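Thank you all for making the time this morning. I would like to walk through one model with you, going from the chain as a whole down to a handful of residues, so please keep the picture open while I talk.

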Amino acid sequence: MKIWVDADACPVAIKEILYRAARRSELMLTLVANQMLRVPPSPWIRAVQVPGGFDVADQRIVQEAGPGDLVVTADVPLAAQVIAKGAAVIDPRGELLTAANIQERLGMRNFMEGLRSSGVETGGPAAFSAADRQAFANQLDRLLAKRR
C-alpha cells in the first residue's frame, strides 16, 4: 500500500497525521501539489511538484495510484477515478469514499455546482475542526489496521 495525497488543499493538521502514520507504518507517503511543499525528512515521505494547471495534480495521482493504495482527497471526481482503479479514498474530514457511495457524492457535487453556476449562493463547507481531525485519524487507523 502507498498513500497518495492531493496536497494543494489538504489541511496542515491532516498532513501532520499522515507524516506520523507513514513513519510508524513504514508506508510510502507521496504528497502531490502544483506548488513546492516542505515535508519532514524521512525515507517514507516525499513531495512531488507538478506543473500548474487544471487538474494536473489529480491526473498524476490517477496515473500513479493503484489497487490497494490509499488516496487522501476532498476532490470527488478524483476520488471516483481512483476508486475505479481499486484504491481506497478518505477525505480530510475522515469520510471513507467507496464504490458504494461515490456515485451519490458525484451527483450531489454536480447538483451543487449547477446551483452555483446559476447564481445560487450555496455557502461553503464548515470550518475544519478538531472533530474532523479526529475522525480522519480514526478512519486512517482503521484502514491501516486492515492492512496488517
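This is a predicted model: local features need pLDDT of at least 70, side-chain atom pairs count only at pLDDT 80 or more; totals for chains, interfaces and linings use all residues.

Let me begin with charge: the protein chain carries 18 positive and 16 negative side chains, and the centres of these two sets lie 7 Å apart. As for the interior, 40% of the 148 residues count as buried.

On overall dimensions, the C-alpha trace spans about 50 × 35 × 30 Å along its principal axes. The radius of gyration of the protein chain is 15 Å, and this agrees with the value near 15 Å that a compact globule of 148 residues would have. If we look at contacts between residues at least 6 apart in sequence, 48% of them join residues that are at least 24 apart.

Now to the secondary structure. The protein chain holds five helices and six strands, and, read from the N terminus, these elements follow one another as β-α-β-β-α-β-α-β-β-α-α. The six strands form an open sheet with mixed pairing, and their order across that sheet is 3-2-1-4-5-6.

Strand 1 is mostly covered, with four of its five residues buried, and strand 2 is largely enclosed by the rest of the structure, because five of its six residues are buried. Further along the sheet, strand 4, residues 70–72, and strand 5, residues 88–90, also pair in the parallel sense, over three bridges, and there Val-72 stands opposite Ile-90.

Let me stay with Val-5, which sits in strand 1. Is Val-5 buried or exposed? Its relative accessibility is 0%, so Val-5 counts as buried. Leaving aside neighbours within four places in sequence, Val-5 is in contact with a set of residues that includes Cys-10, Leu-18, Ile-61 and Val-72. Of these, Ile-61 is 56 residues away along the chain, yet the C-alpha atoms of Val-5 and Ile-61 are separated by 8.0 Å.

Not counting residues up to four places away in sequence, Ala-21 touches Glu-26, Leu-140 and Leu-144. By contrast, the C-alpha atoms of Ala-21 and Ile-102, 81 residues apart along the chain, are separated by 25 Å.

Most residues other than glycine have a negative phi. Glu-26, in the loop between helix 1 and strand 2, has a positive phi of about 55 degrees although it is not a glycine. Asp-55 also has a positive phi, near 60 degrees, and Asp-55 is found in the loop between strand 3 and helix 2, the latter being 56–64. With a relative accessible area of 29%, Asp-55 is partly exposed.

Finally, consider Asn-34, which lies in the loop between strand 2, at 28–33, and strand 3. Asn-34 counts as partly exposed, at 32% relative accessibility. Which residues does Asn-34 touch, not counting residues up to four places away in sequence? They are Asp-8, Gln-49, Val-50, Pro-51, Gly-52 and Gly-53. Asn-34 and Asp-6, for their part, are 28 residues apart in sequence and 9.8 Å apart in space, C-alpha to C-alpha.

Terms used: Residues are numbered from 1 along each chain as its sequence is written. Side-chain values use heavy atoms; hydrogens and water are left out. Helices (H or I, at least four residues) and strands (E, at least two) are DSSP runs, numbered from the N terminus. The radius of gyration is taken over C-alpha atoms; the globule rule is 2.2 Å times the number of residues to the power 0.38. Buried means under 20% relative accessible area, exposed over 50%, partly exposed in between (1.4 Å probe, protein chains only). Contact means heavy atoms within 4.5 Å. Lys and Arg count as positive and Asp and Glu as negative; His and the chain ends are not counted. The place of a charge is taken as NZ of Lys, CZ of Arg, CG of Asp or CD of Glu. Two strands pair if DSSP finds at least two bridges between them.
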